[in-house]
Amino acid sequence: MDRSVGHRDDKERIEAEAAEWVIRLGGDPLDGQQRAAFQRWRSQSADHARAFEFAQNTWGDLAGLREAPGSLSLDALSSGSGPERAFAKTGVPRAPRVPLWRGAGIGALCLAVLISISSFWYGSPITMMIADYRTLPGERRSVTLPDGSIVDLSSSSAIALHFSDRERRVELLEGAAYFTAAPKAGAEKRPFVVEGAEGTATALGTQFVVDRLSDTVEVTVIEHEVRVNLDDPARQSASAILAPGQSVQYSARTGLGQVQEKDVELAAAWRQGRLVFDRVPLADVVAELNRYRRGRIVVGNPTLANRTVSGVFETSDLDRALETITQELGIRSASVPPLVTLLY
């Protein structure tokens, strides 16, 4: 794995190689020759050993990051499976933890790589096990439910059905979905309910969009009305009834937000293959772009994450979208194998 990394100095090269070893140790089991190569690499110097320990500890710190990809990743990290278990096979004692952002540049680099792998280990496989319908990055899908309701799934989205004699409940596990609910009529008396995180959206009409954002859920009504309920044991229950062209966001952290006016065409622009942003923080823009492409975009600077982006981008050409965003904000990007783009 030792190789030139261009303009990087030796310290950066070693730490980048350490991140690559963490990735390999978290993947398929190494054969004898590969394990021997790892031990040779690690024993080259104290710098090599420290770099590996830092990268390994950075992986552990991912368990506390709310930004970890996939709404279910934190649950998975606590299960003791995947790369954490693989580390034990190396026989290397875990060193005392070091600060997560020791050396801002390479810290962001290691974190970017490890967040990328976290999404492959913990996001998709778990969602795959519990979802009834899901889409891959860049894929959209229309599903007809048993009651005749139609769900249009955005990219990297997943739902699970919980139909019973009392209600037609759909759980939005991740991503966004456009719901056209079959009305209560004739023999169909059950309410149509969409669950997302700590709240629900109950159809009082037909068409609405539910979107699981980084730490909130947004409901937007296209036709008729929807009742949104937030049920959080730590707060008083709250509810709001939305009319067409209105939206509301909720989360366990902030509760139920204020009802806002929203352009219904923009709310579901992804159905026409477009992403529309109007003064949206870069962190939220990146989260949306990550739904539509393989690999991950990671913002390496917390200050940069708060800068706003406006524009209309085609989901079929996200490389151009990313190029436009970096040019407009005057920032740089770097490709970090495997499948990571770091913005800084």
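**Close-up views of a predicted model**

View A. Leu282, Val285, Val286, Glu288, Leu289, Asn290 and Arg291 of α8 are buried (under 20% relative accessible area, with exposed meaning over 50% and partly exposed in between; 1.4 Å probe, protein chains only). Seven of the ten residues of α8 (residues 282-291) are thus buried, so the helix is largely enclosed by the rest of the structure. Helices (H or I, at least four residues) and strands (E, at least two) are DSSP runs, numbered from the N terminus. Helix α10 (residues 318-329) packs with α8 at an angle of about 170 degrees, and the axes are 12 Å apart; axes are lines fitted to C-alpha atoms over the stretch in contact, with angles from 0 to 180 degrees between N-to-C directions. The two helices, α8 and α10, are therefore roughly antiparallel (over 145 degrees; under 35 is roughly parallel, 65 to 115 roughly perpendicular, the rest oblique). Leu282, Val285 and Leu289 of α8 make the contact with Leu318, Ile325 and Leu329 of α10, where contact means heavy atoms within 4.5 Å.

The model is predicted: local features need pLDDT of at least 70, side-chain atom pairs count only at pLDDT 80 or more, and totals for chains, interfaces and linings use all residues. Residues are numbered from 1 along each chain as its sequence is written, and side-chain values use heavy atoms, leaving out hydrogens and water.

**View B. Aromatic pairs.** The structure holds four aromatic pairs (ring centres of Phe, Tyr and Trp, the last by its six-membered ring, within 6.5 Å; planes under 30 degrees apart are stacked, over 60 edge-to-face, the rest tilted). Phe277 and Phe313 form a tilted pair, 6.1 Å centre to centre with 45 degrees between the planes. This pair links distant parts of the chain, with Phe277 in strand β16 (residues 274-281) and Phe313 in strand β18 (residues 308-314), 36 residues apart. Phe277 and Phe313 are both buried. Elsewhere, ring pairs link Phe179, Phe192 and Phe208 into a cluster.

**View C. The seven-stranded open sheet.** The strand order is β1-β4-β5-β7-β8-β11-β12, with mixed pairing; two strands pair if DSSP finds at least two bridges between them. At the edges, β1 (133-134) and β12 (238-242) each pair on one side only. Strands β7 (residues 192-196) and β8 (residues 199-203) run antiparallel and are joined by four bridges.

**View D. Positive phi at Ser156.** Ser156, a residue other than glycine, has phi near 50 degrees. Ser156 lies in the loop between β3 (150-153) and β4 (158-163) and is buried, at 15% relative accessible area.
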